[in-house]
Amino acid sequence: MPSTIVTEEMELLRVDKGPGGGGFSGGGGDSGDSGDSSGATRVPQRAYITGMFIALAGILMFFMAFVSAYIVRKDMPNSAWIPLPVPRILWLNTLILIASSFTLARAHSRFTAKDEDGFRHWWATTTVLGILFVAGQIIAWRQLAAQGIFLATNPSSSFFYVFTGAHGVHLLGGILALLYVQFRATRKVARGTAVEVVSMYWHFMDGLWLFLFLLLYLGR
Amino acid sequence: MRIRKRNSGSAATPALLSLILVVLVAITVYVFASNLPWAVRPAPITSVGAEIDHQYDLTLAVTGTVFILSQLGLAFAVFKFRDHGQKAHFTRGSNTLEAIWTTATIVLFLGLGLMGHKAWAEVRFTPAAPDAIQVEVTANQFVFNFRYPGPDGKFGRLDPKQISASTGNPLGIDANDASGKDDIVVPTLTVPVNHEINLLIRSQDVIHNFYVRELRIQQDAMPGMVIPLHFTANAIGQYEVVCTQLCGLGHSRMHSYLNVVSDADYDTFLKQQAAGQ
Amino acid sequence: MSSHAHAGGSTVHAPMAEPSGFIRKYIFSVDHKVIGIQYFLLALTAVVVGIVLSLLMRFHLVWPNAALPFVSGGQMSQEQYLALVTMHGTIMVFFVLTTAPQGGFGNYFLPIQIGAPDMAFPRLNMLSFWVTFLAFVCIIAAFAVPGGAPISGWTGYTPLSGLGEITGPGEGWGQTMWIVSISLFCLASLLGALNFIATTIDLRAPGMSLMRMPLTVWGWFVTAILGLLAFGVLLAGGILLLLDRSAGTSFFIPAGLVVNDQLQAHSGGSPLLWQHLFWFFGHPEVYIAILPGMGVASHVLSTFARKPVYGYRAMAYAICAIGFLGFMVWGHHMFVSGMSPYSGFAFSVLTMSIGVPSAIKTFNWLGTLWGGKIQFKTPMLFALGFVSLFVSGGLSGLFLAQPAVDNMLHATYYVVAHFHLVMGVAAIFGIFAATYFWFPKMFGRMMSEPLGKIHFWFTFVGAYCIFMPMHFIGIAGGIRRYADASAVGFLAHLQPVHEFMTIAAFITGAAQLFFLFNFFYSLKFGPKASKNPWNATTLEWDTDSPPPIDNFGGHYPSVYRGPYEFSVPGAVDDFIPQWLEPSQVARVK
């Protein structure tokens, strides 16, 4: 990261440390805040990063509940477990999602370099790849349906739909967040912070998908 | 900021609170000293039941002591240190004391837990002896059925599709299985005294539970599983069987009997059942 | 974290403008104080409903054939009783014990006690409340849907809860509403937990290091962490259960079940799996219910004994230890479930271990009182009651934690006695202590001391009268969730005990009217409260009663010392507040 070109927001993220830098009594006045000087609560930008970490922990536990249910069910004696033929398109979808993380990282570095056009280009690419991923997941669902494999068909299909459905819903949320940052100016949250937290979320969803995909693939 | 020299306030409230705590301890001690809890708890009819009772008593000795000391300690502190014009004694605590009472508690609690392990292991870690009498217990909304394998010593296969209480086949014994023809199905459990019994507990619909107080053991009847539970009853008599796991609107009516009988009576029971088929 | 004082004291900003309009001020408010009161009032409504349900239950146990005109059928039936059991438990655990201490008082006082102007995410906070409110509407709606309320207990074990109406009345729409309500509650709680944790980590005032936080804040903070990690699991379980019920999946339902002579078309799920998922959440949940109360107890005991909390650090660590161990003991609800007995042994050891930090806290509470100068105001009475009740309720846990003894006591009234004493009374006493303590700050008026004391005596004695005899019934073999005992021979002689408990319950229930009257009357007519009527030390007492919109009226405090500096030798006053600069502390010459 070029040392001379640093956004205000990034400065804050490094300066806000310890109880003394808690945000509103730090000497920085309004630059420490959201820019909303009309008196709404002044939250240090750092809090949004903390918030996203916390949110990801909660989301992780939610998915781990499904994962542990899956492992228990699969390994039950007399389980009558019929392995699911994982649709091939899932490989393509996975590649698309991995690619989207790369484009997102690129967008992030363009943002840091204050290259607005570059940022918007790569950010939009990420969004498009995300949408392609979701479309690909829907195609996978339709392929399974065409083979007569639905949610309640057998335990392994149930878990497949639950995993992909839950992940897909969360990813859609991520897409909405990407679009929001693309098109709307945020008020309380500094733009740099918004870019940061949305990136965290997206990379996490990518990593989570890799984990779930591996689980489904190895468990078949 | 000056504090007014406050008057100490009446002693009535702390006295009353201390009194209530002392009365609480007194009543509790009285109830236990008069053996009331042991009077309502029937004598165990298994040796492991006696061990469980012993562990209960040990736990009671420990927790009872802690209970009495804590509540009386609270009663004492509340009265002695009521505001009667004194200054409070400033202290942030004592690391030594913390270490002492933490260690004591760990030793006491874990020691207690480890001591109780044997009674649990005897029932759950150790399987039934190979010559134990096998009886299958089937729970469903809202009855117990007990199945004996009959003279051939084998349980017939079960087929849920053949369940029909109205035609006398509540368990769905497969009509095509020869070993099922001599199975004995009865609504109460009859066992010979001083013989090891191995119950195979299962459910047809929701979760139920098989519990006999005198045995001191219970086991959930888990649909999809057959769970063994073994015991050896050492006293002849009739004991009530209840379901302790909420199973629907008939939960409190789900009831049966355990009949512990002499060897001779048990043989008679088996013969009568065989003859009746 | 370093604890340097801020040169020149606290900084000054322009005071914040209040929102205008009734809706923005009181309904859709983003002010954590308003939201806290909203949660509190929701919990108050829920507890009244919950108590009424329990009184109906107790009435039925003693007079099962009494004519009850307001009940359909004229008399309470078995399934109606079980519906009461289910709804009482659900409403009390979720909408009272998880709502009032954390959503109510935590929301109101966490930001103020750490010197922040609001929670980190105020709009998220508002959303959390309204989703909780929606969840409450759903659970109440379960009474009104076809088939009525569910009968599977607050634990909702499958297959009873997973097969629909065929397993019993109320298992159709009623159970579905239950799942929907709980799922909404999970979402709301997750969002709330996020807010609490981020706020505590990032919004503390200068000088407010972790080891200077009031123990109330520690309680809310660790509780939020528990909630964050536990509620997601329940949400997942709830979704899977909903799928089993309406989409034909078989996560929790094995093959070959025959209910009412009908073979169920399910394939090989596991009812034990539901229990694991439920209790993985369920056990942390009960610590969520008690930890804030423990924090309040420490806080109030110290304030009214005019002594620092004995062993503050140990207390903070104990809260963390209880939280951490709380995630490892869930199997002690499942000793006789058919779970591996070796797991049972492991869970038992861990459960006995969790008694250790709880014991440490009890010793430290006694230590706080020892050598004190105790003032018996109503908040203090309830805090003292909390200690007594927590000891009584906690000790019976030691019996249940041992699987051998649990073989005898599982699903008897002994368990009911245990969890009611710790949750249904001790935790409630924590809520009462908090209410009486903080009412002056929240509403600017004092509650009546005489009425408060009457409320305390009746409730303290009454609660013991209701729940101590339950141990006795449990030892005798009294089985829980029984609508009536008439089918079982050995239960008949216990009826007099049930009668005693029922009468005690009605009296104690009626005595809560003292509290309700005191609360609402004092809102309007109580004597005006000063900034710091209890001469307490934490930051909320540095601001007006009630506080202005941004909590401190434009000036943000700095913190110079720990939260329990009472009776410090060499100080003129018997308390030194956290916000007072060292140079301003009056010292004896």
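## Two helices from chains A and C

In this predicted model, helices α2(A) and α7(C) lie oblique to each other. Their angle is about 40 degrees, and their axes are 8 Å apart.

On the α2(A) side, the contact is made by Ile54(A), Ala57(A), Gly58(A), Ile59(A), Met61(A), Phe62(A), Ala65(A), Phe66(A) and Ala69(A). Facing them on α7(C) are Leu228(C), Leu229(C), Gly232(C), Val233(C), Leu235(C), Ala236(C), Gly237(C) and Leu240(C). By class, 14 of the residues in this contact are nonpolar and three are polar, with no charged ones.

## Which chains touch

Two pairs of chains touch, and chains B and C have the most contacts between them. Chains A and B, on the other hand, do not touch: 10 Å separates their nearest C-alpha atoms.

## Where chain C meets chain B

Chain C brings 96 residues to its contact with chain B, and chain B brings 84 residues. Several elements of chain C give two or more residues to this side, among them α3 (78-97), α8 (271-305), α11 (378-400) and α14 (449-475). The most comes from α10(C), with 15 residues. Sorted by class, this side of chain C has 60 nonpolar, 27 polar and nine charged residues.

## A closer look at α10(C)

Helix α10(C) packs with helix α3 of chain B, residues 47-80, at an angle of about 20 degrees. The axes of these two helices are 9 Å apart. Because of that angle, α3(B) counts as roughly parallel to α10(C). Their crossing is left-handed.

From α3(B), the residues in contact are Ser70(B), Gly73(B), Leu74(B), Ala77(B) and Val78(B). From α10(C), they are Thr362(C), Leu366(C) and Leu369(C). Five residues of this contact are nonpolar and three are polar, and no charged residue takes part.

## The largest nonpolar core

Now for the largest nonpolar core, which has 310 residues. The residues with the most contacts inside it are Ala43(C), Ile197(C), Ala297(C), Phe386(C), Ala426(C) and Ala433(C). Helix α13 of chain C, residues 413-443, gives the most to this core, with 22 residues.

Setting aside its neighbours within four places in sequence, Ala433(C) is in contact with Val296(C), Ala297(C), Val300(C), Pro379(C), Phe382(C), Ala383(C) and Phe386(C).

Note on methods: Residues numbered from 1 in each chain as written. Chains lettered and ligands numbered in written order. Predicted model: local features only at pLDDT ≥ 70, side-chain atom pairs only at ≥ 80, totals over all residues. Core = buried A, V, L, I, M, F, W, Y, C linked by C-beta atoms within 7 Å. Buried ≥ 20, exposed ≤ 12 C-beta atoms within 10 Å, placed from the backbone. Helix = DSSP H or I, 4+ residues; strand = E, 2+ residues; numbered from the N terminus. Contact = placed C-beta atoms within 7 Å. Nonpolar A, V, L, I, M, F, W, Y, C, P; charged D, E, K, R; others polar. Axes fitted to C-alpha atoms, helices over the stretch in contact; angles between N-to-C directions. Parallel < 35°, antiparallel > 145°, perpendicular 65-115°, else oblique. Left-handed = near helix turned anticlockwise from the far one by under 90°.
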